Amino acid sequence: MSSQVRHLASLIDFQRLWNVFLMPMLIERYPGSGGIEFVRQHIKGHLGSLSAQWTVELDTFEDNTPHGMRTFSNIVATLDPSAHRRLALACHYDSKYFPRDDRGRIYVGATDSAVPCSMMLELARSLDRELAKLKDKRSDLTLQLLFLDGEEALVTWSPTDSLYGSRHLAEHMVRAKHPGGTASTTLIDSLDLFVLLDLLGVEKPVFLNHFKNTARWFNRLVGIEKRLHKLGLLQVHPFEVTYFNEHTYYGPVEDDHIPFLRKGVPILHLISTPFPWVWHTMEDTAENLHPPTIENLCRILSVFLAEYLGL
């Protein structure tokens, strides 16, 4: 078992995550901008290059916003669309719009949520060979990656000005019959677990359990972090400063999981609580990220995915 964990940890390539996946995303990418279209193609292009041959679809729609009708596009990547059950790994890829500040700086949302997007791409790339084997097995369980548009409020957070992409996708999934030929179950029923990543990338994050019904999966992450630490596979990681806190329950935070939660989907919300000090400021940049923490989180999630999917 230790040799398998070491192997999974060794597959994470932080330089690829940082230089290939993350750096191109650190641009303005609010809904409807040229930046978000660039990032959309960036994500689709990398998913399309994987040997596991993901099915990548755009869930494109229009919605009314405080600025009039806007077009949004969720990126939905499914390893094996025919599988009955899905583990969903999700983040948002839009950035909140802020005008340039008095120093001419733009808001690039590194933790919110370019780093989670980059981590998901790196996990798909590092586990590519193992995921291709899983797909060939025609397993009952598959992996789905959701890159959601329009999480941020365009003006002020409200039930109608936020979570555009996740609200639309959850409604679509509750209507779409799955598997094919059934009349009784839908795509929303296929979601075993919805794991949402947000506000990641600064040093010493604290993750708390937000949902008692998925505590066993949160505790799995607690255990994986401890195992990787004992094996010396986490960097700059004194044991007294663990990321995952199994002893504190913290109520739900509004985020892209809410529309799915309301439809009965089990949720695991991996969001730094309290929020990072850079949240919604011009300081949310690459310079204020902590590379060892990002790599450590990727290694923890890599083992989690491998164990959940039986890789």
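This is a predicted model: local features need pLDDT of at least 70, side-chain atom pairs count only at pLDDT 80 or more; totals for chains, interfaces and linings use all residues.
Local features rest on pLDDT of at least 70 and side-chain atom pairs on pLDDT 80 or more, whereas totals for chains, interfaces and linings use all residues. Residues are numbered from 1 along each chain as its sequence is written, and side-chain values use heavy atoms, with hydrogens and water left out.

Secondary structure elements are DSSP runs numbered from the N terminus, with helices (H or I) of at least four residues and strands (E) of at least two. An open sheet of six strands is found in the order β1-β2-β4-β3-β5-β8, and its pairing is mixed; two strands are taken to pair if DSSP finds at least two bridges between them. The edges are formed by β1 (55-65) and β8 (267-271), each of which pairs on one side only. From one strand to the next, the twist averages 20°. Within the sheet, β2 (residues 68-78) and β4 (residues 141-148) run antiparallel and are joined by four bridges. Threonine 78 lies opposite glutamine 144 of β4. Helix α3 (residues 34-48) packs on this sheet, where α3 touches β1, β2 and β4, contact being defined as heavy atoms within 4.5 Å. The direction of α3 makes about 15° with that of β2; angles run from 0 to 180 degrees between N-to-C directions, and axes are lines fitted to C-alpha atoms, for helices over the stretch in contact.

Strand β4 also contains threonine 142, which is buried at a relative accessible area of 1% (buried, under 20%; exposed, over 50%; partly exposed, in between; 1.4 Å probe, protein chains only). Beyond its neighbours within four places in sequence, threonine 142 contacts Thr78, Leu79, Asp80, Ala83, Arg85, Arg86, Leu87 and Leu309.

Helices α4 (residues 110-126) and α9 (residues 291-309) pack at about 50°, with their axes 10 Å apart. The two are therefore oblique to each other, a class left after angles under 35 degrees (roughly parallel), over 145 (roughly antiparallel) and 65 to 115 (roughly perpendicular). On the α4 side, Val115, Met119, Glu122 and Leu123 meet Ile294, Leu297, Cys298, Leu301, Ser302 and Leu305 of α9. By class, this contact has eight nonpolar, one polar and one charged residues (nonpolar: Ala, Val, Leu, Ile, Met, Phe, Trp, Tyr, Cys and Pro; charged: Asp, Glu, Lys and Arg; polar: the others, Gly among them).

In helix α5 (residues 128-136), the buried residues are Asp128, Glu130, Leu131, Ala132 and Leu134. Their cover includes α1 (2-11), α4, β4 and α9. Arginine 138, which follows α5, has a positive phi near 55°.
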